[in-house]
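Visitor: I would like to go through this model and ask what stands behind the words used for it.
Guide: Go ahead.

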Amino acid sequence: MNRRDFTALSALTMASASLAHLPRAFAGAAPAAPARPVGFAAVGLGTICDLFMRACTSSNKAKITALVTDHPDTKGAHYADLYGIPKSSIYTYDDFDRIRDNRQVEAVYIGLPNSMHRDFTLRAAQAGKHVLCEKPMAISSAECRTMIDACHKAGVKLMIAYRVQYDPTWNRALAIVKSGVIGQLQSFQGGFLGQQPPGAWRLSR
């Protein structure tokens with residue numbers, strides 16, 4: 001496992017853990033360890049969803065209980081076998097709304113292309129499921145507001161799977177800057193590099 005994969009896996013595990021008390025938190029109760037893991041439906045079984053599902057296997061706070069894919073007989077069957085998910089809990093994008101009746105699903109993890117984030121967040125909210133949506137939240141601020149409003153109206157939590165606020169290295173760096181021990185910060189420069197294999201979608205406009 002390379003450093004990038006390890007960071008992504010660790011971050012997703014922490015994000016999963018932070019969602020474990022969603023039902024109690026929404027009710028206004030103090031966060032507490034759940035009696036059982038939160039059941040997640042993984043939506044869109046690509047690379048990022050694969051990382052999330054693997055992270056859930058190392059957590060006692062989150063569990064994959066359903067799958068949503070346009071390839072139920074191939075990808076769906078593969079992951080169902082890996083995670084012990086019954087065929088009745090494999091959904092397509094077209095029949096996603098049936099997830100409302102699955103009591104094993106309390107939240108959905110949306111790992112779809114950016115342009116699909118809004119629609120599936122709205123559909124999940126209408127189904128009464130909490131939402132953990134991959135970054136970026138959507139493709140416009142107007143779409144983001146629509147997502148927030150829909151989840152608020154439905155009484156479900158909406159969280160974006162961005163990891164920096166949970167990363168101990170970044171939190172330590174922020175603490176150092178805020179303490180003033182290094183003086184007044186004048187400027188900051190950062191960079192991010194990720195290698196992609198030939199044919200990866202990120203290399204195509």
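Visitor: What share of the contacts in the protein chain with a separation of 6 or more comes from residues 24 or more positions apart?
Guide: That share is 61%. Keep in mind that this is a predicted model.

Visitor: What pattern does the protein chain follow along the sequence?
Guide: The pattern reads α-α-β-α-β-α-β-β-α-β-α-β-α, with seven helices and six strands in the chain.

Visitor: Why is the pair of Phe 40 and Phe 52 called edge-to-face?
Guide: The structure holds five aromatic pairs. In this one the ring centres are 5.3 Å apart, and rings count as a pair within 6.5 Å. The planes meet at 75°, and the cut-off for edge-to-face is over 60 degrees, so the name applies to Phe 40 and Phe 52.

Visitor: Where in the chain do Phe 40 and Phe 52 lie?
Guide: Phe 40 is in strand E1, residues 38-43, and Phe 52 is in helix H3, residues 47-57. They are 12 residues apart, and the pair links distant parts of the chain. Both residues are buried. Through ring pairs, Phe 40 and Phe 52 also form a cluster with Tyr 109.

Visitor: What makes the rings of Phe 96 and Phe 120 an edge-to-face pair?
Guide: Their centres are 5.2 Å apart and their planes are at 75°. The limits are within 6.5 Å for the centres and over 60 degrees for the planes, so this pair is edge-to-face. Phe 96 sits in the loop between strand E3 (90-91) and strand E4 (107-110), while Phe 120 belongs to helix H5 (residues 117-126), so the pair ties together parts that are 24 residues apart in sequence.

Visitor: Are Phe 96 and Phe 120 buried or exposed?
Guide: Buried means under 20% relative accessible area. Phe 96 has 0%, so Phe 96 is buried. Phe 120 has 5%, so Phe 120 is buried.

Visitor: Why does Asp 94 count as exposed?
Guide: Exposed means over 50%, and Asp 94 has 71% relative accessibility, so Asp 94 counts as exposed. Asp 94 is found in the loop between E3 and E4.

Visitor: What lies over the face of Phe 120?
Guide: Arg 123 does, at 4.8 Å from the ring centre. The distance limit for a charge over a ring is within 6 Å.

Visitor: What makes H5 mostly covered?
Guide: Seven of the 10 residues of H5 are buried, among them His 117, Leu 122 and Ala 125. The buried residues of H5 pack against E1, E4, strand E5 (130-133), helix H6 (141-154) and strand E6 (158-160). H5 is followed by Gly 128, whose phi is positive, near 80°.

Visitor: How many disulfides are there?
Guide: The count comes to zero.

Methods: Residues are numbered from 1 along each chain as its sequence is written. This is a predicted model: local features need pLDDT of at least 70, side-chain atom pairs count only at pLDDT 80 or more; totals for chains, interfaces and linings use all residues. Side-chain values use heavy atoms; hydrogens and water are left out. Rings of Phe, Tyr and Trp (its six-membered ring) pair if their centres lie within 6.5 Å; planes under 30 degrees apart count as stacked, over 60 as edge-to-face and the rest as tilted. Helices (H or I, at least four residues) and strands (E, at least two) are DSSP runs, numbered from the N terminus. Buried means under 20% relative accessible area, exposed over 50%, partly exposed in between (1.4 Å probe, protein chains only). A charge sits over a ring if NZ of Lys or CZ of Arg is within 6 Å of the ring centre and within 35 degrees of the ring normal. Contact means heavy atoms within 4.5 Å. A disulfide is a pair of cysteine sulfur atoms within 2.5 Å.
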